[in-house]
Amino acid sequence: MQNNPHTTLITSDAPVAANSHGGRAKCLQRLVRLEMPVPRTVALSFDAVQRIAKGQVPDIAAILDQFDQTALLCVRPSSEDPDWGGPGAILNIGMNDARYVDLSDSMGGEAAAALYLRFVQSYAVHVARLDADVFDDIDADGREGLQQSLRAYDDETDEAFPQDRGEQLIAVLRSMARAWDGTSARLLRQAKGAPVDAGLGLVIQEMIPGVGQGECGSGVLQLIDPTTGMPQLTGRYLSQSQGRDALGAGVAALYLEKDPRGKSLEEVAPTAFADLKTHAALMRVKLKEEMQVEFVIENGHVHILDGVRVQRSARAAMRIAVRLAEDGIITPQEAVMRVDPHSLNELLHRQVHPEARRDVLTTGIAASPGAATGKLVFTAAEAQASAARGEPCILVRRETAPEDVRGMHAAVAVLTEKGGMTSHAAVIGRGLGLPCIVGALDMRFQTRKKLLTASDGRVFKTGDILTIDGTSGQVLAGQPAMLEAALDDCFQTLMGWADSERDIAIRANADTPADAQTARNFKAEGIGLCRTEHMFFDPGRLIVMREMIFAQTSSGRAAVLERLLPMQREDFVQLFRIMEGQPVCIRLFDPPLHEFLPTTRSGQRELAEALDLPVSDVERRVAAMTEYNPMLGLRGVRLGVTVPEIYDMQARAIFEATLETSKNGAPIVPEVMIPLVSAKREVELVKARIDSVAASVASEQGVEFEYRLGVMVETPRACLRADEIAPQTSFLSFGTNDLTQMTYGLSRDDAGRFMSAYVRQGVFVEDPFHVLDADGVGELLKLGSERGRQAQPDVTLSVCGEHGGNPESIAICRDLGFDYVSCSPFRVPVARLAAAQLAISSRLGG
């Protein structure tokens, strides 16, 4: 059998590999090479298991010859990647009536009966495929329970329980091989990243009796806390010693740390305990991983059954990788590659503790990660009042609008009935680092009555406490235990290593000084998108904006906007100072003006009173500005062309802020971005006015300055005509939120209603607002970047949509040669790590 590549006794030089026999088999061989006390083990290759699934049984006699005739055996799965799982292990193969009699003499009748009983029921359910409820009526233990179970097996199968060890082993191997090919198992492992044709190996291992006069038992040990990643001996130990609690008769759990019910393992078996720690430490160094050691103690001697990669939380995974690198066991590059960028969301925000009880009311779209608990409020004003009282609150809306932004700032989380991954609530929530769930369609939102009704009928009102888990999308009743964010030295070390590897810049989308400061804290390399419209929803500015909308002439609009100029200038001064000379890209006004007008009759009456106008005039103006599809209407550059006074004011504010900030430091070079461009002529018209404003400011203050003018490419036509547009600009920044919306003809605010069904049925592989569509939108990026650079080779290319923080989307941008990506501040670390991994992989040929 030693020469059989498909059925191999595991020795130090046996032909065993992870891609042919699986990760468990290869790990056991490494433990053998380290001269650890591993029980005798035979590995079956992927090919051998495939043959078994088709009915071709291997040479069972040759396999059994590798073990003592009286040895009990176990069979465990060995997939290429342990995370892909596999069928459950089957233990105690070879247990039969004769072995029961023998073991009764050595370990006692009750213990032997419990061992046999466990095997009978496991074999019946997992191998013979009997329903588990066959044994529900059996309430006896020991000998009586065993006899009843054997009779139940006989009754259900019309045959006696198999007594031959070889027959049992064949049945177990066949059952596990076929289970791997089952539809449910295949879908489950594919969800974990396994390829469709992933193979399964099996290992057959001698079981150590674990009985005798000395200390005997079994357990697991690991050197770290799997939740925090901190060094800490954890695990469990089940004693099976004679004269103490016997197996199946109230097994005593002697935890490695002092157990209140008995002594610690270190006290009852100090030599074995020391050996276990030595083995675990050696595994860590030689296997370059934190391992959980599965062991058996027999008469005080340790046997190592397996070494399994410790299951860990995101924060533990990061700490483990960094500590391994700091100890010289792996390189910093390997540490960077071991941390999943998506998992950083669990480090940057508070999370519901993994062991906390969850009272789930509904699951919506997880739009912004993190978790928060607060009292329900249903309006932005209530949120601000709650924050003023120091009471955490959750803002509940059918969908949020720009006037809700101040309420979102005041809330600790947001919940909406409508929306998708790039809806208003989702985008602002991610920018603020605010846990947010959108598209919670299973709940009934009665915002006027200030009631929220769960699908199970429970009703929640203002002041009731809920928890929003924006990482999972779950709305929870009550206040579960939380884990705080983990931005410690370990995190900073990992990110430092990542920054030294990546080859694409990372900026942040930031609209306020608070956003900019968060971006700086996360080491963003500038602001790639500042949405100026959010600056106008402050109550003091909103009334001025509305007055401007009602102005009848260009000069009248300019006069009103003159009052906004100092406010806007101060906004930019703060941003420039916070960013300390790093680039700041300011998008000129984008939304349709109707968003600044009240939609309710009471709001219109208040506006009429404030502007000293008849209510009828306000109503007519609101009606006149209503658009059938405002996202495709009078907004962006179209406003800049038809209502140029807005852009004139903003340009002046930017340039005056530039000169003011440059007085006490290095010159600022602001980036001015024109949104929603579709044609070259639009750029020419706006550029001419901005150049004129720049010349006026320079003349008035007697100081020359530089600025860069660019375009936000978010229409398919702008991508296709990039060769005409690029020569007019210094940069092209692709706004993939609107570009995806226009490419698909799909509302980003309403897609959440059906997107999960589309993904589930395979219409889309992923939500295109979450992961950049490589085939459609990605093709437009490719055309736009190629044509833009052909016309102007030094044009700067970037992405500033929400895709900029998505690792899969960053890969597309990097392949296209983009200079930077820009994303929400709290996604900056995710983007930094993802970009580093892409750079490392490309150097390794991955």
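The largest share of the lining of the second largest pocket comes from β12, which gives four residues. The model described here is predicted. In total, 41 residues line this pocket. Those nearest its centre are Ile365, Ala366, Met421, Thr471 and His770. The space inside amounts to about 1,000 Å³. Besides β12 (365-368), the elements that give two or more residues to the lining are α14 (345-348), β11 (360-363), α30 (755-760) and α32 (807-815). By class, the lining holds 18 polar residues, 15 nonpolar residues and eight charged residues.

Two of these elements, β11 and β12, also belong to an open sheet of eight strands. The strand order is β11-β21-β20-β13-β14-β15-β16-β12. Pairing in this sheet is mixed. β11 and β12 are the edge strands, and each pairs on one side only. With direction ignored, neighbouring strands are turned by 30 degrees against each other on average. Within the sheet, β15 (residues 413-416) and β16 (residues 436-438) run parallel. Two bridges join these strands. Leu415 stands opposite Ile437 of β16. In a regular strand, side chains alternate between the two faces of the sheet.

His349 counts as buried because its relative accessibility is 6%, and the cut-off for burial is under 20%. Thr379 comes 30 residues away from His349 along the chain. The C-alpha atoms of this pair are separated by 25 Å.

A further open sheet has three strands, in the order β17-β18-β19. Its pairing is antiparallel. β17 (444-446) and β19 (459-461) stand at the edges with a single partner strand each, so one side of each is left without a neighbour in the sheet. From one strand to the next, the twist averages 15 degrees. β18 (residues 451-453) pairs with β19 over three bridges, in the antiparallel sense. Leu451 has Lys461 of β19 as its bridge partner.

Antiparallel pairing also joins β8 and β9, here over eight bridges. Gln292 stands opposite Val308 in β9. The two strands form a hairpin with two residues between them. Asn299 is found in this loop, between β8 (291-298) and β9 (301-309). Asn299 has a positive phi of about 50 degrees, although it is not a glycine. Most residues other than glycine have a negative phi. Asn299 is partly exposed, because its relative accessible area of 36% falls between the 20% and 50% cut-offs.

Glu35 is another residue other than glycine with a positive phi, here near 60 degrees. Its place is in the loop between α2 (23-33) and β2 (41-44). Glu35 is exposed, because its relative accessible area is 73% and the cut-off for exposure is over 50%.

Phe273 lies in helix α11 (residues 270-286). Phe273 is buried, because its relative accessible area is 4%, under the 20% cut-off. His301 lies 28 residues from Phe273 along the chain. The C-alpha atoms of the two are separated by 9.6 Å.

Helix α33 (residues 828-843) has 16 residues. From its first C-alpha to its last, α33 reaches 23 Å. This is close to the 22 Å expected at 1.5 Å a residue. α33 is mostly covered, with twelve of its 16 residues buried. The buried residues include Val828, Pro829, Val830, Ala831, Arg832 and Leu833. Also buried are Ala834, Ala835, Ala836, Gln837, Ala839 and Ile840. An α-helix has 3.6 residues a turn, so residues three or four places apart point the same way.

Technical notes
Residues are numbered from 1 along each chain as its sequence is written. This is a predicted model: local features need pLDDT of at least 70, side-chain atom pairs count only at pLDDT 80 or more; totals for chains, interfaces and linings use all residues. Side-chain values use heavy atoms; hydrogens and water are left out. On a 1 Å grid over the protein atoms alone, a cavity is a set of points where a 1.4 Å probe fits but cannot get out, and a pocket is an open set with protein on both sides within 12 Å along at least five of seven lines; lining residues have an atom within 4 Å of a point. Grid points are joined across faces, edges and corners, and a volume is the space filled by probe spheres set on the points. Ala, Val, Leu, Ile, Met, Phe, Trp, Tyr, Cys and Pro count as nonpolar, Asp, Glu, Lys and Arg as charged, and the others, Gly among them, as polar. Two strands pair if DSSP finds at least two bridges between them. Axes are lines fitted to C-alpha atoms, for helices over the stretch in contact, and angles run from 0 to 180 degrees between N-to-C directions. The expected span of a helix is 1.5 Å times one less than its number of residues. Buried means under 20% relative accessible area, exposed over 50%, partly exposed in between (1.4 Å probe, protein chains only).
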